[in-house]
Amino acid sequence: MRVTAAAEPRGGLASPATSSARVLRSLRAFPILLPFAALIAVWWAIHATGDFSPQVLVSPLAVWSAFLHLVIHGVMAEYASTSLRMIGFAALLSLAVGVPVGFAVGVNGYAARALEGFLRFLQGISGIAWLPLAIVWFGFTHTTTLVIVIYTLIVPIIFNTMTGVRAIPEEYGLALRSLGASRLRLVKDVYLPGALPSIVVGLRLGMGYGWRALIAAEMLVRKGGLGDLIFGARTFGQIDRIITGMIVIGCLYVVVDRLIVQPIENLTVARWGVLRQ
Amino acid sequence: MPDDMAKSTQNKIVVSGFRHVFETDDGPVQATDRVDLSIRAGEFVTLVGPSGCGKTTLLKALAGFIRPTEGSILCDGATVLGPGRDRGVVFQELAILPWRTVRRNIGHGLEIARVPRAAREATVGRLIELTGLAGFEERYPHELSGGMRQRVAVARTWAADPDVILMDEPFAAVDAMTRLTLQEELVRLCGATGKTVFFITHSVDEAVFLADRVLVMTRRPGRIKAAIDVPGRAAGRDWESFKIDSAMQAIVEQVLRLVREERGATAPAASAAVTK
Amino acid sequence: MSNAAMEGSPARRSAARRWTAPLVWRLLPLTPFTLILAAWVAYWAIAQPSAETLPAVQDVAGAMWDLAVKGELAVHVLASLLRLLLGVALGVTTGVIGGFIVGLNRPIAEFLNPLIVFFNAISGIVWLPLVIGWLGIGTALAVFLIWNTVFFIVFQNTVLGVQLVPKVYEQGVEALGGGRWETIRSVILPGASPYILTGLRSGLGFGWRALIAAELVGATTGLGQMIFGATEYHRSDIIIGGCLIIGLIAIAMDRWLLLPIEQRTVRRWGLAFDARSEE
C-alpha cells in the first residue's frame, strides 16, 4: 500500500516544502515566464494605442495595483478562502460518498448497467442548470452553492470509481479467492488499489468541473467567493478587479491541479505501470 | 478412519458425471458432458483438447469458481463448494497484482493466512531462490519480463502451500525458449514439493513432458476421451533427452493423433471438405 | 497482460448478462429513472409539498406542454441550439487550425504551453463578467463563452493527435516522394482525426454546459434563461422541466450525432486511441 503511505501526513508535510521549491525553480526558469511577458506586452500595447474607457479595458499596471489593493486590505484572502474552503469541503464530501457508491455499483454488473445511463444523463444536465431549482429550494445561500458543486464533483467520481472497479481483471479477484481471501481483503488488496488511478482521474476531472461550477454559482448566489468578487466588480464596472479575480481563479486552479492532484496521479500510474484506460 | 485416510491419499480429486451448461445470448451452451476423472495425491495430470472444449470450465469447477450443472466434484472426499486455500490456481493471465512488488505478491497467500512475518519471509525467500527470482524481490510486475512474471505467479501459488495446484495454460503467453525453461523448472519444482497438479494446455509436447498422465478431451461438449500414462517423471525430465527418447516420442505421437481426430471434426461439413 | 487467446475473456465480458434474459438486461438502464419517478409521485402524494418546492409530475409535463403550444419552448430551444452551433463551429475551426499549427511546431508548442494551461484553467464562464462589458448581453456573449470552452478541448486533442501520429507513416509518404503538404494531408490529418473527433465530442458536451451557464445571466432567450427566469416566479415546474429537456438534448446529441461519427472512423481504421474524453 505504497500509495496510501504517500498520501499520509508525512507526505503531506513534505510536499509544501518541495512545492514551494518547485514554484521558486519555475519562477527562475525563464521559458515559462516568457509567454506571459509577451502577453502582457501585447495587452499593454493594445491598451496604449487604442482609446479605451476604463469600463472596457485597463492597463496591466491598473490590474496590478488593484491586486495589491485587494491583497493589502485582506479582501482577496477572504474571497479566495471562501472559494477554496468550498471546493475543498465539496471534494472531501464527494470522495467520501462517491467512492463507496462507485464501488458498490462497480462490483455488481447489474447495478453498473442500471446506473451508467442515468449518470450520463446527469452529466448532460450540468450542475449549473440545477442552480435555479437550488435557489428556489435553499435560497441565495452557501448551501445552494455547495449542493451545485457537490453535484458537479460527485458524478465523475462515481463514474470513474465504477469504471475503475470494472476494469480490474476478473482473474485478480479469483486468484485471491483461491488463496483464501475474504471479501474485505479483496476490497483492500484488489479493488481499492486497482481502482485508485481511475478514482484520481475522476477527482481531477471533478475538480475541474467543480471549480468552474463554483465560480458560476458564486456569481449568481453572491454570498462571497471569487465568482462573487468578479461579478460584483462587473456591477461597478471595475475591470481591474475582474481581471485580477480571473487571474487568481486561474492560478489557484493550476496550483491545486498541478501541485496536489496530478502528483498523486503520476505516482500511482508511474509506480504500477497501470495505464489509465 | 484409516480406511478413509488411505482412500483420500489415493484419490485426491474425484470428478464424476460433471456436466456444465451456461447461458449465452444465443441460448444455453453445454461446455462439458459427463466428465469422469480422478487424480491421485502427488500426481501430475495434464489435460489437452481443442480450444473451447470446456477445459477451462472444468478447471474453474475444480477451483470452485463455478458450480456443476450436474454431477459432483470431490476434493479429499468432500464436495467442492467454493474456492479454498487447499486448491491453488495459476491463471494464463497470471493475475499477479501490478501494485505489489515481487516479494509481496509471492507472500500474499501467507499474508491472507496470517502467517507471522518471519515464517512468511522464510517461505518467500525459499521460493524466490527456487524460481530464480533472486535480485528482483522489490521490483513491480511491469518491470519484469513475461517469463519472470510467470515465475512470480507460480511462486505465489506454491508459497501458499495448497495440496492441489490447478494451472490453466500458464505458459501460453511466453516466448518459445522461455517456455522450455519454465517447463523444466516446473518439473523440478514439483519433484521438490510433491504437489498434486492439474495442468491444462493445448500443446501436446508440453502435456506429455510434464505429466504422469495425459488426459485428452473431446470437442465441445467435452468429455474425457483417453488417458495415457507417461512413466518416469520421478526421475526428472529435460527437453534434450525427452526429444530423443523414442518411448516418449511414441507417446507424443499417440496423443497428437487423438487430439487431431477431435480437431478435424470440430466443425461440420464445411471444414471437413476443406481438410479433404 | 497477455494478448494470447483467452478462453475466459469473451465470456467474462457478458458474465452478468449470461444469466439474464436479454430483455431484462436491456431494460435495466431505465430502473433509476423509474425509481426516481416513482419516488417523486409517492412523495408528492404523501407529503403534498407546495408546487414551489416540488411540483407534481403532471404539472411539469403540463408546464412544458403549455410552453410548447405557445411556441415559447421552440424559441428557447432554437436560440440555444443556434448559439451552440455557432460557438462549436467557431471553436472547432479555430481549435483544429491552431492545434495543427502548434502540433507541427514543437518550439511554438513549448513556448505557448504555459499560456494554454493558464487560459484553459479560466476557460468558459469565468470570462462572463469581463466579456459582458465588451459584447453586452445576448448571442455574441454566449457564442464567445462556448467558443472559449470548446476551443481548448479541441485544440488540446488536436495537438495530442498530431504529435502522436507515428513518424514511420510520415517517413513512408516521404519515401514515396511526398512533400510536406502531402504528408500533412494524407498522414497527419487522418492520423489525428480520431483525437479531433473525441475533442469534438467532449467539446460539444462542455459547450452545451457552458451555454446553459452563460444563458442564466447573459441572455434574454434560450433554455438557460428560461429556467433562470422561472426562478423569479418560483416556477419549479418550468425549472425541472427545463433541466430535463437540457439533459435530453445533451444525451440525444451525444448518442445520435457524435458517437456514430466517432465510432465509424475509429472502428473503420482500427485505430486504438486514448484521447482525453469526457469520462
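Predicted model: local features only at pLDDT ≥ 70, side-chain atom pairs only at ≥ 80, totals over all residues.
Residues are numbered from 1 along each chain as its sequence is written, chains are lettered from A and ligands numbered from 1 in the order in which they are written, and side-chain values use heavy atoms, with hydrogens and water left out.

Chain B has eleven helices and ten strands; helices (H or I, at least four residues) and strands (E, at least two) are DSSP runs numbered from the N terminus. Of its 276 residues, 50% are buried, where buried means under 20% relative accessible area with a 1.4 Å probe, counting protein chains only. Among the contacts in chain B with a separation of 6 or more, 69% join residues 24 or more positions apart; a contact means heavy atoms within 4.5 Å. Chain B exposes about 12200 Å², and carbon and sulfur atoms supply 52% of this area. Accessible areas come from the Shrake-Rupley method with a 1.4 Å probe, and for residues only the protein chains shown count as cover.

In chain A, Gly98(A) lies in helix 5 (residues 75-106). Gly98(A) counts as buried because its relative accessibility is 0%. Leaving aside neighbours within four places in sequence, Gly98(A) is in contact with Ile154(A), Ile157(A), Ile158(A) and Thr161(A). Ile199(A) is 101 residues from Gly98(A) in sequence, and their C-alpha atoms are 9.6 Å apart.

The interface of chain C and chain A involves 61 residues from chain C and 59 residues from chain A. The size of an interface is often given as the accessible area lost when the parts come together. Chain C and chain A bury about 5300 Å² between them, with 76% of it on carbon and sulfur atoms; this buried area (1.4 Å probe) is summed over both parts. Across this interface there are zero salt bridges, a salt bridge being a side-chain nitrogen of Lys or Arg within 4 Å of a carboxyl oxygen of Asp or Glu. Helix 13 of chain C gives the most to the side of chain C that touches chain A, with ten residues.

A nonpolar patch on the surface is formed by Ile40(A), Trp44(A), Leu61(A), Trp64(A), Leu68(A) and Ile72(A), with about 620 Å² of accessible area together. Patches are made of residues with over 30% relative accessible area and no salt bridge; like charges are joined within 9 Å and nonpolar side chains (Val, Leu, Ile, Met, Phe, Trp, Tyr) within 5 Å. Helix 4 of chain A gives the most to this patch, with four residues.

Methods
Buried area = accessible area lost by both parts, 1.4 Å probe.
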